[in-house]
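Here is a short briefing on a predicted model. It covers a strand residue, a helix pair and a loop residue.

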Amino acid sequence: LVVEDNLDAAETLREMMLSGGHEVEVAYDGREGVEKARSFRPDVVLCDIGLPVLDGYAVARTIRSDPQLAPTYLVALSGYATPEDRRRALAAGFNRHLGKPAAAELIQEIVAETPVSG
């Protein structure tokens, strides 16, 4: 699942995941991201932090609080990339934090190495 409010970035990530043979859904704000996570049940969520409606930290906390979604691997993909931003992301429940722009190869590697939960 890609949760990204920038349409170009969301489409780029979607295409990257599709070209890697992954099923992918896209949400453009935090609330939609949580809703899609509940219906789609992704193994991995690539989530921006600076989202409208619910920010990425709230998305991570909400996913972590849902027992059915708790095993989901959460990757913060954000322009907020200071050491404090990274600490906040991990504290909110993200497994990884990548500063934008992140190398496509790194994103693909993380997704490929994430165990399938279902």
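Val45 touches Leu1, Val3, Ile63, Thr72, Tyr73, Leu74 and Val75, leaving aside residues up to four places away in sequence. Val45 sits in strand S3, residues 44-47. Its relative accessible area is 0%, under the 20% cut-off, so Val45 is buried.

**Val45 and His97**
- In sequence, Val45 and His97 are 52 residues apart.
- In space, the C-alpha atoms of Val45 and His97 are 12 Å apart.

**Helices H2 and H3**
- Two packed helices are described by the angle between their axes and the distance between the axes.
- Helix H2 (residues 30-40) packs with helix H3 (residues 56-65) at an angle of about 25°, and their axes are 9 Å apart.
- That angle is under 35 degrees, so H2 and H3 are roughly parallel to each other.
- The crossing of H2 past H3 is right-handed.
- H2 contributes Gly30, Val34, Ala37 and Arg38 to the contact, and H3 contributes Val59, Thr62 and Ile63.
- By class, the contact of H2 with H3 has 4 nonpolar, 2 polar and 1 charged residues.

**Glu4**
- Glu4 lies in the loop between strand S1 (2-3) and helix H1 (7-19).
- Glu4 counts as buried because its relative accessibility is 2%.
- The side chain of Glu4 makes a polar contact with the side chain of Lys100, at 2.8 Å.
- A polar atom of the Glu4 side chain also lies 3.0 Å from the backbone nitrogen of Asn6.
- Leaving aside residues up to four places away in sequence, Glu4 touches Ala9, Ala10, Ala27, Tyr28, Asp48, Leu51 and Lys100.

Terms used: Residues numbered from 1 in each chain as written. Predicted model: local features only at pLDDT ≥ 70, side-chain atom pairs only at ≥ 80, totals over all residues. Heavy atoms only, no water. Helix = DSSP H or I, 4+ residues; strand = E, 2+ residues; numbered from the N terminus. Buried < 20%, exposed > 50% of the residue type's maximum accessible area, 1.4 Å probe, protein only. Contact = heavy atoms within 4.5 Å. Axes fitted to C-alpha atoms, helices over the stretch in contact; angles between N-to-C directions. Parallel < 35°, antiparallel > 145°, perpendicular 65-115°, else oblique. Left-handed = near helix turned anticlockwise from the far one by under 90°. Nonpolar A, V, L, I, M, F, W, Y, C, P; charged D, E, K, R; others polar. Polar contact = N/O pair within 3.5 Å; in protein donor to acceptor, adjacent residues only side chain to side chain.
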